[in-house]
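Let's take a walk through this fold together, strand by strand. Have the viewer open and follow along.

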Amino acid sequence: MKSYTGVMEPSFSSVSGYSVAILLLQMVVLTSEHFTVSSSRSHQVVMVGGHAELSCHLSPPQSAEHMNIGWYRDHYSQLVQEYENGKELSGKSTQNNVNRTVLLKDALREGKMTLRIHNISVFDGGQYHCFFKDGDTYEEASVDLKVAALGLDIQINVQVPNTKELMVECSSGGWFPQAQMDWRDSRGNVIPPSSKIFSQDGAGLLHLKMSVILKNNTHGPVTCCFHNPVTGQEKRASIVLADLSPGM
């Protein structure tokens with residue numbers, strides 16, 4: 001009777017080796033998905049001239065000191081900061097604000113990093129992405145940075161083009177983004193403006209001007225309102241037109 005022991009053993013060994021290979025492959029796949037990245041806040045509003053701190057972290061917490069880390073704005077080609085093994089990768093940043101940005105790495109051992117931007121300008125607004133790369137594993141998160149500026153006090157100017165009408169004009173500079181502008185009567189009702197004009201200076205701040213034409217016998221105050229849509233802040237100025245009517 002023939003024995004098949006010698007033939008069956010290689011087959012058993014081959015199956016075992018295949019199982020081990022599958023197990024190792026599963027382990028490799030699992031280790032390539034061992035963290036996610038989250039931002040501390042999904043959006044942040046900062047006033048012009050202030051500073052922003054954008055933070056993100058690994059989950060579960062773990063050291064990122066050996067990883068390739070950094071931030072870019074809107075597109076990866078607009079790199080802000082990039083580090084690998086704790087050292088800055090020189091020559092890769094294409095942002096003009098590189099001298100105003102600092103990557104805080106004190107908490108990298110816990111998987112946290114913060115991008116600080118000094119002296120915020122209106123041009124710094126946008127979608128900022130933080131990224132962590134460990135070998136073939138890459139994860140990122142984003143923060144929407146909105147920049148705002150509350151304008152200067154409103155100035156009101158009145159012109160009398162004829163005996164029947166008044167043209168009331170209000171203006172203010174230093175706004176961002178463009179403010180919502182309204183004229184309101186003594187009851188708070190909106191008065192349709194005759195014109196709205198804005199211009200932008202080199203710093204990106206807006207100068208706004210709005211006018212309205214009223215009857216010369218208008219009584220009670222009229223109010224010019226400028227409202228910042230990002231912060232909810234507003235400025236108002238009123239004038240009593242009865243004092244400007246002929247014979248007063």
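This is a predicted model: local features need pLDDT of at least 70, side-chain atom pairs count only at pLDDT 80 or more; totals for chains, interfaces and linings use all residues.

Strands here (E, at least two residues) are DSSP runs numbered from the N terminus, and two of them pair if DSSP finds at least two bridges between them. Inside this pairing, Thr101 has Ile117 of E8 as its bridge partner. Strand E7 covers residues 101-104, with Thr101 and Leu103 on its covered face and Val102 and Leu104 on the uncovered one.

Residues are numbered from 1 along each chain as its sequence is written, and side-chain values use heavy atoms, with hydrogens and water left out.

Which residues have the most contacts inside the largest nonpolar core? They are Leu54, Trp71, Met113 and Phe132, in a core of 30 residues. E3, E4, E5, E8, E9 and strand E10 (137-148) each supply at least two residues of this core. A second, separate core has 20 residues, including Trp183, Ile191, Leu206 and Leu214. A nonpolar core here is a set of buried Ala, Val, Leu, Ile, Met, Phe, Trp, Tyr and Cys residues joined through side-chain atoms within 4.5 Å; buried means under 20% relative accessible area, exposed over 50%, and partly exposed in between (1.4 Å probe, protein chains only).

Now for an open sheet. It has 4 strands in the order E11-E12-E16-E15, with antiparallel pairing. Strand E11 (155-159) and strand E15 (195-200) are the edge strands, each pairing on one side only. From one strand to the next, the twist averages 15 degrees (axes are lines fitted to C-alpha atoms, for helices over the stretch in contact, and angles run from 0 to 180 degrees between N-to-C directions). E15 and strand E16 (residues 206-215) pair over 6 bridges in the antiparallel sense, and Ser195 stands opposite Ser211 in E16.

Next, look at Thr223, found in strand E17 (residues 221-227). Is Thr223 buried or exposed? Thr223 is buried, because its relative accessible area is 12%. Its side chain makes a polar contact of 2.6 Å with the side chain of Ser238. (A polar contact is a pair of N or O atoms within 3.5 Å; within protein, one must be able to donate a hydrogen and the other to accept it, and residues adjacent in sequence count only if both atoms are side-chain atoms.) Leaving aside neighbours within four places in sequence, Thr223 is in contact (heavy atoms within 4.5 Å) with Asp182, Trp183, Arg184, Arg236, Ala237 and Ser238. Trp183 also belongs to the second core.

Ser59 to Pro60 is a cis peptide bond, with omega near -5 degrees, and Pro60 sits in the loop between strand E3 (52-59) and strand E4 (68-73). Another cis bond joins Phe176 and Pro177, with omega about -10 degrees; Pro177 is in the loop between strand E12 (165-175) and strand E13 (180-184). Asp74, in the loop between E4 and strand E5 (79-84), has a positive phi near 65 degrees. At 32% relative accessibility, Asp74 counts as partly exposed.
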